[in-house]
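Colleague: Could you take me closely through one part of this model, a single helix and what surrounds it, and then carry on to a sheet of the chain it belongs to?

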Amino acid sequence: MKQDIILAGVGGQGILSIATVIGRAALDQDLYLKQAEVHGMSQRGGDVQSNLRLSSEPICSDLIPKGCCDLIVSLEPMEALRYLPYLAADGWIITNTTPFVNIPNYPEETALRAELQRLPHVIAIDVDAIAKEIRSPRSANMVLLGATASVLRILDPDKLRDGIRKVFARKGEAIVDTNIAAFDAGYAYAKEHLAR
Amino acid sequence: MAEKHLLLGDEALALGALHAGLSGVYAYPGTPSTEITEFIQNHPLTRERNIHCDWSSNEKTAMEAALGVSYCGKRALVCMKHVGMNVCADGFMGAAMTGANGGLVVTACDDPSMHSSQNEQDSRFYADFAMIPCFEPSSQQETYAMVRHAFDFSEQYKIPVLMRLTTRMAHSRAVVETGGLRDQNGLSFPENPRQWVLLPVNAKVRNEALIADHARFAETAEASPFNRLADGPDKSLGIIACGIAYNYLMENFPDGCPYPVLKVSQYPFPAGLARRLAAQCRTLLVLEEGQPLVETRLKGVFDSGITIKGRLDGTLPRAGELTPDCVRAALGLPDLPQHEASQVTVPRPPALCQGCGHRDFYTALNQVLKDYPTARVFSDIGCYTLGWLAPFHAFHTCVEMGASVTMSTGAAHSGVWPSVAVIGDSTFTHSGMTGLLDAVNSNADITLCISDNLTTGMTGGQDSAGTGRLESICLGLGVAPEHLRTIVPLPKNYPDMEKTIREEIEYHGVSVIICRRECIQTARRHAAKKQ
């Protein structure tokens, strides 16, 4: 079994901490993993992505081929759409709905919404609102990870919770609890969304 | 005891070097190589073993310091991005002539597709040029093992070796099994001291020896555990896959490649293995990340009766990094079903951070230069290069480290006025200081603006070599004290900043304006640490 994930967002939004938690969980579950990151110039407020590949078998390429990506996980709606040619025919998009507008020609939100609705498997979730609701506005990325866990078949959600505990352990128990709560809120939202 | 770690290619190399008995790492930050040195700086073994790990001023000083370590019999690692090879080329070529005593591994991280670079030069050419071996790993696990092998090779054959990574190897994580800690070397000096004095009388002898050694390096590549000829039933095509290109090939054949494949991760290029492949296959496809080095050699000038396919005949794109997709197309396999690209998305280029001092500096500079329509502005490599983009459009050139100072000097010599140079603090101490000395000596009419954010910003905030001493450096180089000015780039200071810039443009000689405010990224980190 394999799952290929593209993590997308804008430089500074925190996609790499999502990758770190998934990586930790994958290591504990003895999966093979490859994760290509973007560093350097592109991090300065530009679009960023990370190719994350998980598999029970050895993985060859560090990059995901076009048409093979099982999940696009994005902290920003336009960034979710940037990688469509990579998405498998039956692949999922899990995206934050709050736009990050730092360019003058950012598209109309209605156009973005229409484009997302055109696709068969989309979980659109306002992670910023949910993070605020549970009073941990800085854990929006863990809300998104929670939503992702609902369709990330290769990893057990409990392994992801363990991953959060290990990754955030040195920041103290309160931070760990906030992030777990954010994860659970995202997970619950997505489960409810999928049931509908 | 084997341990499992999730490591970037850069980190696998760093840990491999630590476990191989490293005594010092010498480097200047540069994407995608920076994380090698940072990993070593943060590793407990570094303190335990007193391993040198401070940043060097530039790649040349790094290379030469490492050669000094090697001279003393200890193991040294030099790390840089590909264009750093140009800066250290003198030391690098010299090191091939002296040879190594303690293991000396030079690591160049190439950036095909120019994700964060000004060109996509291929460092394998440098190894070839210097007649030294080159290692090019295809996986993070191989990287870890290979660096140990490279150090052993360097000591056994008394020669520096080059490790070449490319962006996708340097910046991709995978699980790596590690184990086996080697002791550091003690002091020992070269057996052949004449070789380290490159007077012509010695160098001529050494050159003959190096040419003979190069033939031995080629023999080791034929038998290398990192080079492998695998058979395949379909002889209509033979494939040569170098470095990580091998992964893109195998990605496209999950059930095994039907064609014979020569995997190459150690150079000089194993010509004997390639001949064995060509004896079975009359058409060869060369997959190599970067420039078509192997392909050009195989193609040659005269018709050998073997068809060579690759970047030069359009089978693969002529430039840019390889992907599983372009390799798939080169293999003649059909595209996988995929969604069409979205028509709604627009590019999101990188930008200077909000609140960054470079922004305030460019705002003031642009305001002043409105009154000087003949002005030319020569900029340099760093975060501030983003000032070329909207909304600043602040300068005319950006070429390579330090070129702002020297190009503005040349422009002033040619009659351009005002001739303004813009350089960051770290780039200035990397390669700008000697240029400033030239400007002073010729009394060039330039205004040099050092946008000092007290760090090496673009690569993530590493120490900058001249922090706190820029004024004394400029004075020492002969800049007149009354034309060495300091300003603080903040919106409230615009009037003062503009006045200073205007005054120094109007001065006909060398002026230096140091525009100093801490990088907001490092300032935030420092504030968080204090809490």
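Modeller: Helix α16 of chain B is followed by G415(B), whose phi is positive, near 100°; helices (H or I, at least four residues) and strands (E, at least two) are DSSP runs, numbered from the N terminus. This is a predicted model, in which local features need pLDDT of at least 70 and side-chain atom pairs count only at pLDDT 80 or more, while totals for chains, interfaces and linings use all residues. Residues are numbered from 1 along each chain as its sequence is written, and chains are lettered from A and ligands numbered from 1 in the order in which they are written.

The helix itself, residues 403–413, is mostly covered, with 9 of its 11 residues buried, that is, having 20 or more other C-beta atoms, placed from the backbone, within 10 Å of their own. Among the buried residues are A403(B), V405(B), M407(B) and A412(B). The buried residues of α16(B) pack against β14 (376–378), β15 (419–424), α17 (425–441) and β16 (446–452) of chain B, where contact requires C-beta atoms, placed from the backbone, within 7 Å.

Turning to the sheet, 5 strands of chain B form an open, mixed arrangement in the order β8-β10-β9-β12-β13, strands being paired if DSSP finds at least two bridges between them. Its edge strands, β8 (228–230) and β13 (307–309) of chain B, each pair on one side only. Strand β12 (residues 283–287) of chain B runs parallel to β13(B) over 3 bridges, and T283(B) has T307(B) in β13(B) as its bridge partner.

Methods: A residue is buried if 20 or more other C-beta atoms lie within 10 Å of its own, exposed if 12 or fewer, and partly exposed in between; C-beta atoms are placed from the backbone. Two residues are in contact if their C-beta atoms, placed from the backbone, lie within 7 Å.
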